[in-house]
Amino acid sequence: MDLCNNANINNDSAVYIVSLYKLNKEDSSWIVSNAFIIFTMQTGFGMLESGCVSLKNEVNIMMKNVVDIVLGGLTYWLFGFGMSFGDRRPTNPIIGIGAYLTDPEINDEIFGPVCAAFVFQLSFATTSTTIVSGAMAERYAIHIN
């Protein structure tokens, strides 16, 4: 994914730099450190959820939090980041196009900002799935006989 290649651009395949990637080194380090703070919220939500459920379901809740991070992170890498911050034209205000399976080139000028932005947005995506799944902890359907 070459986000800085502006040579030989035509209207159909134009690539542009999203304002999300206009970061310097200090901005990137600040964003990554905040992403790890957000990731630590996962443990807090896990402790809160395990305190709200019965003893037999604590391991289930902790494994659910791990699965939220793993599967949520994988699906966000596959689809979510591209749909949120697609970098190809034509774009529209609802969904982005491009940047699926985010993997910037090592020698790309904005390699650091792309990775920093991805990790930051990933932390919010996985934390929000944990909040939603925690709200449904030990909620079972009532069966009427």
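Author: The largest pocket is lined by Phe45, Leu48, Glu49, Cys52, Val53, Thr130, Ile131, Gly134, Ala135, Ala137 and Arg139. A pocket here is an open set of points on a 1 Å grid over the protein atoms alone, where a 1.4 Å probe fits, with protein on both sides within 12 Å along at least five of seven lines; lining residues have an atom within 4 Å of a point. Helix 1 (25-52) and helix 3 are the elements that give two or more residues to this lining; helices are DSSP runs (H or I, at least four residues), numbered from the N terminus. The model is predicted: local features need pLDDT of at least 70, side-chain atom pairs count only at pLDDT 80 or more, and totals for chains, interfaces and linings use all residues. Residues are numbered from 1 along each chain as its sequence is written, and side-chain values use heavy atoms, with hydrogens and water left out.

The lining divides into seven nonpolar, two polar and two charged residues, with Gly counted as polar. The volume of the pocket is about 160 Å³, taken as the space filled by probe spheres set on the points.

Asparagine 65 lies in helix 2. Beyond its neighbours within four places in sequence, asparagine 65 is in contact (heavy atoms within 4.5 Å) with Gln42, Phe45, Gly46, Glu49 and Thr130. Asparagine 65 has a relative accessible area of 5%, and is therefore classed as buried (under 20%, 1.4 Å probe, protein chains only). Its side chain makes a polar contact with that of lysine 64 at 3.2 Å, the limit being 3.5 Å between N or O atoms, one able to donate a hydrogen and the other to accept it.

Methods
Buried < 20%, exposed > 50% of the residue type's maximum accessible area, 1.4 Å probe, protein only.
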